[in-house]
Amino acid sequence: MPHLRPWFALVLLALLASCQSQPGNGKRSTYGDRPGPQGFKTVIVDAGHGGKDSGARARGLVEKQLALDVAKRLRSELWPGFKVVLMRESDRFVELDSRVSIANRYPDAILVSIHFNYGSRRRAGPETYYWRSDSYALAKRVQRNLSAVAPYESGNAGLVRRRLRLTRNPSIPCILVECGYLTHASEARLVATSSYREKLADAIAKAIRDQSTYGDAGMGPIPRPIYAPPSRAGDARG
Ligand SMILES: [Zn+2]
């Protein structure tokens, strides 16, 4: 029945078009076993800790305050090119699992959680944590850019694949950034200045913009997915 062929072709085309999805974008994924995001326009910025949870305290600095400051600077850096959702805008406690649920309301977004680190006195420098394959390139870009602005690096872990609640459990690409060690005398002095915190926010923002523009291009081989269960409260941070 030759008269049906154009119909058939049209239906086939429509089916193909509907099946084509942009890689790593526009859909939730439990394991993140897909390419990294490209073309995203929404960034969820999570300031670590808050309220009753101060996070690290060292050398007169309080992690929850610094994390919120960098989160707000990051929002300013990204706007208006991106829609930015702040997980908290004030000194407020938010459960980790609530942060995961909030992130999952935005299927086309990425999540960046901002922290500062605590360790031995000689440790210094940024660390970036990821777990999912679709978060690797973003994490690598963030770590590279932060490393370029951090003058002290000593005994820091750099780019780390670790199953944390905010690197494993959201169904969108997600990373956790430790911007520096509050326990290191020189790094703490820098982190205490607004100009350095602005540099940190700028470095993270550039990485986010590059990821949205280029996807995983130029970031080398993407690590294979690991099909591990969600991270729970009792899990060791490692
Ligand atoms: Zn923290």
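A: A residue is buried if 20 or more other C-beta atoms, placed from the backbone, lie within 10 Å of its own, exposed if 12 or fewer, and partly exposed in between. Helices (H or I, at least four residues) and strands (E, at least two) are DSSP runs, numbered from the N terminus. The model is predicted, so local features need pLDDT of at least 70 and side-chain atom pairs count only at pLDDT 80 or more, while totals for chains, interfaces and linings use all residues. Residues are numbered from 1 along each chain as its sequence is written.

Q: How many helices and strands in the protein chain?
A: Seven helices and eight strands. The protein chain has 238 residues, and 43% of them are buried.

Q: What order do the strands of the open sheet take?
A: The six strands run S4-S1-S5-S8-S6-S7, with mixed pairing; a pair needs at least two DSSP bridges. Strand S4 (83-86) and S7 are the edges: each has a single partner strand, so one side of each lacks a neighbour in the sheet.

Q: Which strands does S6 join, parallel or antiparallel?
A: S6 and strand S7 (residues 158-161) run parallel, joined by four bridges. Strand S8 (residues 174-181) runs antiparallel to S6, with three bridges. Glu 127 has Gly 158 as its bridge partner in S7, and Thr 128 has Val 177 in S8.

Q: Which way do the residues of S6 point?
A: In S6 (residues 127-130), Glu 127 and Tyr 129 point one way, and Thr 128 and Tyr 130 point the other. All of them are buried.

Q: What about S1 and S5, how many bridges?
A: Six, in the parallel sense, between S1 (residues 42-47) and S5 (residues 109-117). Asp 46 stands opposite Ser 113 in S5.

Q: New topic. Which residues touch the most other members of the largest nonpolar core?
A: Val 43, Val 112, Ile 175 and Ile 204, out of 54 residues. A nonpolar core here is a set of buried Ala, Val, Leu, Ile, Met, Phe, Trp, Tyr and Cys residues joined through C-beta atoms within 7 Å.

Q: What is Val 43 in contact with?
A: Leaving aside neighbours within four places in sequence, Val 43 contacts Leu 78, Phe 82, Val 84, Ala 109, Ile 110, Val 112 and Ile 208. A contact means C-beta atoms, placed from the backbone, within 7 Å. Across the protein chain, 81% of contacts between residues at least 6 apart in sequence join residues at least 24 apart.

Q: Which residues of helix H3 are buried?
A: Arg 99, Val 100 and Ala 103, in H3 (residues 96-103). Seen down the axis of H3, the buried residues fall within an arc of 100 degrees (taken from the axis to the C-beta atoms), so they line one face. Ser 98 and Ser 101 are exposed on the other side of H3. The cover over the buried residues of H3 includes S1, S5, helix H5 (165-168) and S8.

Q: Where is Asp 53?
A: Asp 53 is in the loop between S1 and strand S2 (57-58). Asp 53 is partly exposed because 13 C-beta neighbours lie inside 10 Å. Not counting residues up to four places away in sequence, Asp 53 touches Lys 64 and Phe 93. The C-alpha atoms of Asp 53 and Lys 64 are 7.6 Å apart, with the two residues eleven apart along the chain.

Q: Last one: why is Ser 194 exposed?
A: Ser 194 counts as exposed because 9 other C-beta atoms lie within 10 Å. Ser 194 is in helix H7 (residues 194-214). Ser 194 and Val 70 are 124 residues apart in sequence, and their C-alpha atoms are 9.1 Å apart in space.

How values were computed. Two residues are in contact if their C-beta atoms, placed from the backbone, lie within 7 Å.
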